[in-house]
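Here is a short briefing for someone meeting this structure for the first time. The points below are grouped by topic.

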Amino acid sequence: METKIARYVRLIKQALTDYKWTLYYFQMLILNPKYRKLIGSLFSYLLPKTPSNKINFQIQKDVQILEENGLLVLDNFVTSTQIEEMKSYLSTKLCIDRQRPGKETFLAPRFAPKSCIHAYYKLEDTVSIPHVLELANNTMILTIIEEIFGAKPTIAMIHIWWLLSGFDAQANSNERYFTHPGEFHRDVDDWSEIKLFIYLTDVDEHSGPHAYIKKSHTWLLPPKTRDLDINNPDFPMKDNFIKLTGEAGLAWLENSYVLHRSLVPKNKHRLIVAVTYTLFPLPFGPKVPLRSYSDPNQFDPYVNRIYLKCR
Ligand SMILES: [Fe+2]
């Protein structure tokens, strides 16, 4: 078991050797959403911007909804053909259980170990899968996010994973996701962070729907707190609780500071894509770009620099 001092030493070493860790730990010092927004907008002055972004009425409306509620559902964003092609690509790809690194890879959901809750596809598959990069770089999406950030976003992470139902409860007795099913959290990764989510399977009440607490991204939580239980009497948690159920293809943008979680699935697995947009690169993304491409007009080289190298 790591001692407190050993942990501090490890964190300091990490921060000194990689500027991404320094940025990451620095932003964790301030949790007040008002100050975080202010600091994010100050940093955005220094970062690249799109010279001629077209802000039409629809985008203005979408920005307003996302800023007010912390979440914006995207209508007709993904086609059923795109969903089928993504699922077909993934059908032969292997997953890993990130809670138990070092263990074997497996085809999910069919051959996932019983202990596994979240089965993740590998980074190289998340960047090579059809449609995800195109959807992540959709002009409307990037414009909405740039309007909120005040600068071009960075695609910091792309994840695709199964949330598995019927996992072994005993093997996960230390897993907060399972042991605290009423606990909602904020992601504290960067001063500004928005995620694009896309369901690749139909998601109902029983398949672990994503849930969030509307407008909670602006709430001032008790000091040093980044999560709240649904039964917390001091905040209107239940009044603002929303479950996202729908067919494969349901997509939304979410401010990562809104309180959220996936509910524990009862009898169906769920497959989801998440693209993380931040102001600064995160230490959790790939160390070097995983793919190269030749046309800078296809994908913005700055927005995509973590995953793609423009030749
Ligand atoms: Fe989260």
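This is a predicted model: local features need pLDDT of at least 70, side-chain atom pairs count only at pLDDT 80 or more; totals for chains, interfaces and linings use all residues.

Strand β6 and strand β10 (residues 251-255) run antiparallel and are joined by five bridges. On another pairing, β6 and strand β12 (residues 270-278) are linked in the antiparallel sense over seven bridges.

- Strand β6 spans residues 193-199 and is mostly covered, with six of its seven residues counted as buried.
- Towards β10, Lys195 stands opposite Glu254, while in β12 the bridge partner of Tyr199 is Ile272.
- Leaving aside residues up to four places away in sequence, Ile198 touches Val78, Ala251, Ile272 and Val273.

**The nonpolar core**

- The largest nonpolar core has 68 residues, and those with the most contacts inside it are Ala119, Ile155, Trp162, Leu164, Ile198 and Leu200.
- The strand that gives the most to this core is β4 (residues 154-163), which contributes eight residues.
- In soluble globular proteins, nonpolar side chains tend to be buried together.

- An α-helix has 3.6 residues a turn, so residues three or four places apart point the same way.
- In helix α8 (residues 139-149), the buried residues are Ile141, Ile144, Ile145, Glu146, Ile148 and Phe149.
- These buried residues of α8 pack against the helices α3 (33-44) and α4 (57-69), and also against β6, β10 and β12.
- After α8 comes Gly150, whose phi is positive, near 85 degrees.

**The protein as a whole**

- The secondary structure comes to nine helices and 14 strands, and of the 311 residues of the protein, 32% count as buried.
- Taken along the principal axes, the box filled by the C-alpha atoms is roughly 55 × 45 × 45 Å.
- A compact globule with 311 residues would have a radius of gyration near 19 Å, and the protein has 19 Å, so the two agree.
- Among contacts between residues at least 6 apart in sequence, 81% join residues at least 24 apart.

Note on methods: Residues are numbered from 1 along each chain as its sequence is written. A residue is buried if 20 or more other C-beta atoms lie within 10 Å of its own, exposed if 12 or fewer, and partly exposed in between; C-beta atoms are placed from the backbone. Helices (H or I, at least four residues) and strands (E, at least two) are DSSP runs, numbered from the N terminus. Two strands pair if DSSP finds at least two bridges between them. A nonpolar core is a set of buried Ala, Val, Leu, Ile, Met, Phe, Trp, Tyr and Cys residues joined through C-beta atoms within 7 Å. Two residues are in contact if their C-beta atoms, placed from the backbone, lie within 7 Å. The radius of gyration is taken over C-alpha atoms; the globule rule is 2.2 Å times the number of residues to the power 0.38.
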